[in-house]
Amino acid sequence: MHITDIMRSSPPTFSFEFFPPKTPEAAEILYQTIRDLESYMPHFVSVTYGAGGSTRDLTHELVERIQHTTKLDPIPHLTCVCHNAEEIEAILLRYARSAIGNILALGGDRPPGVAYDKSRDSFQHAIDLVKFIRRFNESGAHPDRRGFGVGVAGFPEGHPATPNRLVEMDYFKAKVDAGADYIITQLFFDNRDFLDFRERCVLNDIHIPIIAGIMPITSMRGVKRMAELAGGARFPAGLLRTLQDCQSDPEMVRHVGIQHALEQCHDLLDNDVAGIHFYTLNRSDATRVIFDSLGIPRHRNAQASSV
Ligand SMILES: Cc1cc2nc3c(=O)[nH]c(=O)nc-3n(C[C@H](O)[C@H](O)[C@H](O)COP(=O)(O)OP(=O)(O)OC[C@H]3O[C@@H](n4cnc5c(N)ncnc54)[C@H](O)[C@@H]3O)c2cc1C
């Protein structure tokens with residue numbers, strides 16, 4: 001479904017992010033997670049996109065599998081890195097044929113451990129990909145006459161590559177104005193960063209929905225991984241202190257992390273957030289605890305998927 005219709009139907013939205021599994025064991029965990037979370041009837045789920053050829057195929061396959069064998073609405077991430085325009089067009093055609101409603105258009109992380117020449121990519125920044133998808137939409141190749149809904153990434157704490165926050169907002173505004181329909185943010189642990197970012201967007205005449213990215217902490221190892229993934233997430237001192245105090249008790253660390261994410265969600269909902277996007281790391285337990293505590297009803301009639 002086009003994101004405009006999703007956002008209009010029953011805000012705020014709730015959604016989950018998955019990444020394509022690389023091994024049969026990891027695939028089994030993911031498919032169990034999808035079965036667990038499907039009954040919550042999220043407004044959409046998103047699937048990340050790596051930089052290597054084989055993981056990219058896994059994304060396309062996972063997106064199509066979710067689309068064809070579950071009731072979930074998958075949004076593929078698509079990135080500029082290591083792609084030329086012809087390849088991007090072929091991917092868009094493939095997704096259009098599968099009636100995928102939306103794309104999250106991203107700059108993309110550099111491929112790890114290999115020499116990479118960015119100048120060989122057809123698109124240097126996400127804005128170029130947004131423009132390309134918009135032009136594709138005009139071709140009429142998509143079954144929805146509006147074409148794909150287009151999402152972009154937002155960074156409440158700022159993006160590390162542009163330390164000047166005013167310049168960063170100028171780039172961000174240009175990306176949105178190029179034709180974005182919605183924003184999903186990077187994970188954050190202090191809601192003041194999100195609320196301030198949202199306010200700065202309004203000051204810059206950006207009025208599309210901003211969906212907040214939330215990742216519950218479930219282990220001390222996870223904290224380090226998150227900081228790496230998010231390019232330097234800011235952990236509030238109070239949260240770090242509580243985590244450190246109980247670091248020898250993994251169950252307590254998990255409890256503290258989930259409780260913090262739950263409080264963030266309550267506060268975001270009190271502040272009329274457009275949507276909450278959960279970075280699940282392909283596991284359902286933490287997200288389920290939060291969902292149940294928020295009182296979001298399970299959709300009782302949801303049928304089991306065959307994923
Ligand atoms: C919700 C979400 C999902 C993500 N999913 C993935 C994924 O699946 N796969 C993946 O590889 N990565 C993913 N990322 C990470 C993201 O691709 C990286 O953080 C990337 O560095 C930035 O992406 P972007 O779309 O904001 O890029 P851009 O909009 O291109 O911005 C990247 C940097 O370039 C700067 N910039 C923009 N325009 C210009 C310009 N004209 N001149 C100079 N500088 C400019 C920006 O200020 C910013 O610092 C995700 C991030 C988020 C928040």
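**Around the ligand**

I began with the shell around the ligand, where α6 gives the most, with 3 residues. I kept in mind that this is a predicted model.

Next I asked which elements each supply at least two residues of that shell. I found β3 (74–79), α5 (126–138), α6 (165–177) and β6 (182–187).

Then I looked up which residues come nearest to the ligand. Out of 22 around it, they are Thr48, His77, Gly107, His125 and Ala153.

**Helix α7**

I checked the length of α7 (residues 191–203) first. At 1.5 Å a residue, its 13 residues should span 18 Å, and I found its end C-alpha atoms 18 Å apart, so the two agree.

Which residues of α7 are buried? My list reads Asn191, Phe194, Phe197 and Arg198. They cover an arc of only 125 degrees around the axis, which puts them on the same side of α7.

What do the buried residues of α7 pack against? I noted β5 (149–154), β6, β7 (210–214) and α10 (250–270). β6 was already in my notes as a supplier of the ligand shell.

Last, I stepped just past the end of α7 and saw that Asp205 takes a positive phi of about 65 degrees.

How values were computed:
Residues are numbered from 1 along each chain as its sequence is written. This is a predicted model: local features need pLDDT of at least 70, side-chain atom pairs count only at pLDDT 80 or more; totals for chains, interfaces and linings use all residues. A residue is near a molecule or strand if its C-beta atom, placed from the backbone, lies within 6 Å of it. Helices (H or I, at least four residues) and strands (E, at least two) are DSSP runs, numbered from the N terminus. The expected span of a helix is 1.5 Å times one less than its number of residues. A residue is buried if 20 or more other C-beta atoms lie within 10 Å of its own, exposed if 12 or fewer, and partly exposed in between; C-beta atoms are placed from the backbone. The arc is that of the directions from the helix axis to the C-beta atoms. Two residues are in contact if their C-beta atoms, placed from the backbone, lie within 7 Å.
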